[in-house]
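I opened this entry to keep track of what I looked up in one protein model.

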Amino acid sequence: MTDHHTPSAAVSLRGIVKSFGTGDTKVTVLRGIDLDIYLGEMLLLVGESGGGKTTLLSAIAGILDIDEGNIDVLGVPLSALPAGKRTTFRGQTMGFIYQQFNLLPALTAAENVAVPLLIQRINRSEALRRARVMLDRVGLGDRAEFLPKSLSGGQQQRVAIARALVNEPRLLICDEPTAALDGPNGQKIMELLREVGRAPDRCVVIVTHDSRIFHFGDRMANLTDGRIVGIETITREGTA
Ligand SMILES: Nc1ncnc2c1ncn2[C@@H]1O[C@H](COP(=O)(O)OP(=O)(O)O)[C@@H](O)[C@H]1O
Ligand SMILES: [Mg+2]
């Protein structure tokens, strides 16, 4: 069945199954995930700790092989591609923000942000120029030459966001982006993600269990016992 009013799915997950281990120690973490993420939206993914949220993000990013099912990203059958092609596709289309920032300690903020461009073989001066532009966008234009250790937690997460956005990804994947931050910094980061990450031709998926940021999302999907058990539209007070 097709419905031409249905917005186009940027990410389409069908029947995703993933286990770890073998024999007595085998644990099936994802037990048949069906989920669509649409262009223009910020989707929150919630669920209990150890429930498979990071596993699912890794599968969407093509970092992790799945056992069963299909993952389509922007019309590309990601789960059917060999690992090398998945890596290339990821570099061109996705940004990933980790819970613990994962900045390289010996590199300045600008150098950290430039890494995804250098991997794509953009020359160093151009990569650094674009990195500085992106740092400016996240309010850190005056911190470009600082090392991570000289930045606050909120600033480090801003650097990580700039790094994830520097190649203008159409799919931004965030794993508990506010977990290491206090309340006000968490709010600022979410405002930033909405402002710079979300656009009509892009989408953002955010794993979180931080109820203080739930109202920033457009929809919330609940991962329980290896399945998506509910999706709700989030209504924001003061917006139509
Ligand atoms: N590489 C791995 N090898 C073995 N088990 C893993 C691996 N990655 C995750 N798991 C297990 O899968 C389950 C889900 O983990 P995870 O996706 O990190 O959950 P969440 O992000 O929801 O807290 C946990 O029981 C975890 O121990
Ligand atoms: Mg996790």
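I checked the radius of gyration, taken over C-alpha atoms. The protein has 18 Å, which agrees with the value near 18 Å that a compact globule of 240 residues would have. The globule rule I used is 2.2 Å times the number of residues to the power 0.38. Along its principal axes the C-alpha trace spans about 50 × 45 × 45 Å.

This is a predicted model, and I kept to its limits: local features need pLDDT of at least 70, side-chain atom pairs count only at pLDDT 80 or more, and totals for chains, interfaces and linings use all residues. Residues are numbered from 1 along each chain as its sequence is written, chains are lettered from A and ligands numbered from 1 in the order in which they are written, and side-chain values use heavy atoms, with hydrogens and water left out.

**Overall counts**

I found six helices and 10 strands; helices (H or I, at least four residues) and strands (E, at least two) are DSSP runs, numbered from the N terminus. For burial I used relative accessible area: buried is under 20%, exposed is over 50%, and partly exposed is in between, with a 1.4 Å probe and protein chains only. Of the 240 residues, 48% count as buried. The accessible surface comes to about 11,900 Å², and carbon and sulfur atoms own 50% of that. Accessible areas come from the Shrake-Rupley method with a 1.4 Å probe, and for residues only the protein chains shown count as cover.

I took a contact to mean heavy atoms within 4.5 Å. Among contacts with a separation of 6 or more, 67% are between residues 24 or more positions apart.

**Helix α1**

Is α1 enclosed or open? Helix α1 covers residues 53–60, and seven of its eight residues are buried, so it is largely enclosed by the rest of the structure. I listed the buried ones as Lys53, Thr55, Leu56, Leu57, Ser58, Ala59 and Ile60. After α1 comes glycine 62, with a positive phi near 75 degrees.

Isoleucine 60 belongs to this helix and is buried at a relative accessible area of 1%. Not counting residues up to four places away in sequence, isoleucine 60 touches Val11, Leu13, Ile37, Ile71, Val73, Leu78, Met94, Leu171 and Ile173. I also took the C-alpha separation from isoleucine 60 to glutamine 155, 95 residues apart along the chain, and got 27 Å.

**Other single residues**

I looked up aspartate 72 in strand β4, residues 68–73. Aspartate 72 is partly exposed, at 28% relative accessibility. Leaving aside neighbours within four places in sequence, its contacts are Ala10, Val11, Ser12, Pro77 and Leu78.

Threonine 93 sits in helix α2 and is buried at 11%. Apart from residues up to four places away in sequence, threonine 93 touches Leu74, Pro169, Arg170 and Leu171.

Isoleucine 213 is in the loop between β8 (203–207) and β9 (219–224), yet it counts as buried at 1% relative accessibility. Its contacts, leaving aside neighbours within four places in sequence, are Leu44, Thr178, Gly186, Gln187, Met190 and Thr208.

I noted phenylalanine 101, with phi near 70 degrees, in the loop between β6 and α3. Phenylalanine 101 is buried, with a relative accessible area of 7%. Arginine 121 has phi near 65 degrees and lies in the loop between α3 and α4 (124–137). Arginine 121 counts as exposed, at 79% relative accessibility.

**Largest pocket**

I searched a 1 Å grid over the protein atoms alone; a pocket is an open set of points where a 1.4 Å probe fits, with protein on both sides within 12 Å along at least five of seven lines, and lining residues have an atom within 4 Å of a point. The largest pocket has a volume of about 560 Å³. Of the 20 residues that line this pocket, the closest to its centre are Arg90, Gly91, Tyr98, Pro116 and Ile119. The elements giving two or more residues to the lining are α2 (83–93), β6 (94–97), α3 (109–119) and α5 (153–165). Which element gives the largest share of the lining? It is α2, with five residues.

How values were computed:
Grid points are joined across faces, edges and corners, and a volume is the space filled by probe spheres set on the points.
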